[in-house]
Amino acid sequence: MPSKQAIERRSGRSGSTAPVRVIGLALGVALSVGVVVLLLLDRQTRMQAADRQSLAMATGVDRLLHLELRNIERALGGIAADLGDDPVPARVQDAIGGVVARHAELASIVLCDAQGRALSPGPDVPDLHAWRTAESAAGPAALRLGGLRRGDAGWELPLAFPDGHGRWLVARLLTRELDAMTVGFDVGRFGSIVIYTHDGRVVSRFGRGPSQVGRRVALPALAASHGARFNIRRVSSLDHIDRAMGFSRTSDYPLVVSGGLSVREVLAPWRLYVGTALALVATYWIALAAVLARLRANERAQTGLLAEIETQTRWLRQAQLASQIGVWRIEAGDDRVRVTDEMAALFGLVPEGGTIALDAFFARMHPDDRSKALAQFTQLRGSGQPYEQEYRVVLPDGRIRWLKGSGATVTDGGREVMTGTVIDITERRDAQMRIERAQMQFRQLFERNPLPAWLYDVGTLDVLAVNEAAIEVYGYSRETFVGMRVTDLLAPEDRDVGTDVILRQGEGSSERTWTLVTQDGRRIEARVHARDIEMDGARARLVLAEDIGARLVYERELAWRASHDPATGMLTLAALAEQLDAQCATRPCDGFSIAYVQLRDLELIAPTLGRRTGEAVLREAAGRFARIAERYGLGGHAPPETFAIAAFDPADLPALVEDLVAASQSPVEADGGMFPLEAWIGLADGPCEDGGAEHVIAHAALAAFQARRGRTAVVRYDTAMAVQAAERLALLRRLRKAFDRRQFELFYQPIQRLSDGRVVAFEALLRWRQDDGSFVPPSLFVPLCEESGLIVPIGAWVIEEAARASRRLADAGADVAIAVNVSAVQFEAGLPADAIRALRQVHALRPGALHLELTESVLLRDPDAVRAQMGRLRDEGACLSIDDFGTGFSSMAYLRELPLDSLKIDRAFVRDVVDDVRSAAICRALIDLGHGLGLLVIAEGVEDAAQRDWLIAHGCDQAQGYHFGGPQPLEATLALLARAH
């Protein structure tokens, strides 16, 4: 036992406690003053940092805003430069549409005049002059900013840009797009970044609470200066939060940006710091008082207490040397364990006098671990060997905790005691269990993956593991698979290059398509997905093989269908052109020739005789042309009845044409019938350097079109065809424009009754007046109208105008009819009887007021359908005539059954009726034929009195021609009738 003097020396009792008290008080005062000074300096530093940060945020957003508006200004400037002095509407729309498509932040762009009236699609801007004038001095930029307004997509900021010609481009900027400039800044919980107009209206706001867009606030006076950057502390009028705010107005545009950090939030750490510092100071004073009190108590302590402290210090030091935490101690033969508070807390026990019964510890252990732990502890306690084990304890609240106990037998004062520590290893065991679960899940994902998968060593390429799907698909046993190298799965032709690729494969992943071989030799096209992983410290690669054979077949079929006609199996014309261009690009050649074949009425077979018959005829025809194409080069098909054959050697073109003519002249036998083929062939030569094969095919198609128009079997392309086609297209465009602009008008030529010279009808003749007052000859534009189908809407307009003219003639007291020519194309397109009925009802026309004149070609298509249609028209009160009779090939049988009212003798027979015996005979025969059928006979083209007298002498009923009067407008016709009456 230490002496009393030694104990007193260790306790530091060598005199009075006065020096300690003086030093403690002085140190406390110094500490308190220092803490106060540090707190004040820290507060000042935090506020200065907040000012710098708020100004930095405002400046940063201001620069982003400047860049955004400058980009919009440049885009509007680009539009203005494109528009020029006299913008074309289509060009304006294209230019504006392109910019709006590239700038998601723009709702729209409208071209306006100086008063704000829209010159392009979009709303007017009535207040444009007011706000661009009021805001013109707000910044040096050309871009002008209007007042905020609500649009369909939210708040919008109008932007106006002058185009240099007195007009303005007005864009509507979506303010929500400006939010992206502020979202990325760290403003804390109560900070904000706000963009204002120069008059204080909120454009965008980032921060807690509503956006406040559109609300006006009072800005500091300094914010009105261009280039201003300053800090100020103020309470926001938007959300009433006190902030350290920075303002920036450095851009060329009249917008102000503020960034603010909540003073409360900035000083929150400082207040915590103040509390902590004051607590430390208070703790110091409390500790000082406790120390002084303890010192006074120590002076009065007994030597026995000091000895006990020394004993406790010794065994605690020994326990700390053993394990440092959760210390316990038990003497031989004792059943109570001396523990630290940490040790008791680990088991959820409360010590009594610093000790706990030994049985209480084992009672806390998990039932599965208790017997093993007790047996081991008992054995080691008796043998004196070191003790270490891991076990679980169940706490009073039901939680389970993993502990690691360790200990050893030591000698203390001649006595043997067992002491040690207990450590909480719950987190470590939980982490270990998570790793084990992850490994188990990975194993299950690997094994149960429906795609074949294997794992191989990147260095040796040896297969390390394989799943069941791979074994089932590739047929190898698991032992065989694991003993293979991964390159053994590759097809022989892929093995060399595949090995090289696998060896060169770097870190990361790969996705490739390979041909893999199964154990029985089957080939599988697979897309290989690979990922590098680390396994036992070595680099391995996990592979999943996706069978894409069916998908590749489908993709190949799609590719074939994209370049071939499915009905015939021949190339499409586009694919034919691509192959010809590719051939010319890969090898020298002297060009090629194209034969463009158009079959007549092939598309009518299916709707007439059935789809199967139509397909059979098409397949046979395609087979013939495909075999010819194989001999000379390539062939293509464009549904329904066009074929193009390319001869690689232009010298073979004559033989190719001969074979094509022979193939088209031979009838096709299908479904027990013979179907003749009639073809028009266009030829064109294609040097490889002359614009590509598509250009040559188009030339050949134009030649085939000319062949069809001229009813010539074979026509070779020349440049005059292109010129003629271009002229026809230009004339057709003019025709369409003329119809849209109502440039057509009707002239009326009188038809007289020869018996008394009275005008009984007028023929309506179509005229096309030009801007200079001249007329385009009908012989030039009417055939083109029929070819293009434009004759259908024009014909409908003519009938309606004729009905309107008939009404005016009736109102003027003239009981005359209006005759209208009906094109065969118009009649076949459908001339509904309902339309005639509607016109008669609208204009209150009498029966017979409208005469419809049909050509003989109408009768040749489908006589039965034509007869039925003519009957319906006649039932609705229309009179029907055959125009230009005698020039066609009408069957007398059909003519007898048609519901006709009159025949019109063609002017070609009337012209020479006086001088030509044959013409006279034909006219007599036609007059007698008409009268024999009970029809009225009208002669056309009567030019002189001799022709008129001959017609009267031979019983012709009516006549028209320049001898009786030329075509004239309706007003002149009305005047003529007025003079006659």
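I started with helix 24 (residues 791-811) and helix 26 (residues 833-843), whose axes come within 10 Å and cross at roughly 30°. Axes here are lines fitted to C-alpha atoms, for helices over the stretch in contact, with angles from 0 to 180 degrees between N-to-C directions. Helix 24 and helix 26 are therefore roughly parallel to each other (angles under 35 degrees count as such).

I then looked up who touches whom: I799, E800, A803, R804 and R807 of helix 24 meet I836, L839 and H843 of helix 26, contact meaning heavy atoms within 4.5 Å. I sorted these residues into 4 nonpolar, 1 polar and 3 charged. Ala, Val, Leu, Ile, Met, Phe, Trp, Tyr, Cys and Pro count as nonpolar, Asp, Glu, Lys and Arg as charged, and the others, Gly among them, as polar.

A note on sources: this is a predicted model, where local features need pLDDT of at least 70, side-chain atom pairs count only at pLDDT 80 or more, and totals for chains, interfaces and linings use all residues. Residues are numbered from 1 along each chain as its sequence is written, and side-chain values use heavy atoms, leaving out hydrogens and water.

Next came the backbone angles. H240 is not a glycine, yet has a positive phi of about 60°. I found H240 in the loop between strand 8 (228-235) and strand 9 (242-249). (Helices are DSSP runs of H or I, at least four residues, and strands of E, at least two, numbered from the N terminus.)

L461, also not a glycine, has a positive phi of about 65°. Is L461 buried or exposed? At 1% relative accessibility, I logged L461 as buried (under 20% relative accessible area, 1.4 Å probe, protein chains only).

Terms used: Angles under 35 degrees count as roughly parallel, over 145 as roughly antiparallel, 65 to 115 as roughly perpendicular and the rest as oblique. Buried means under 20% relative accessible area, exposed over 50%, partly exposed in between (1.4 Å probe, protein chains only).
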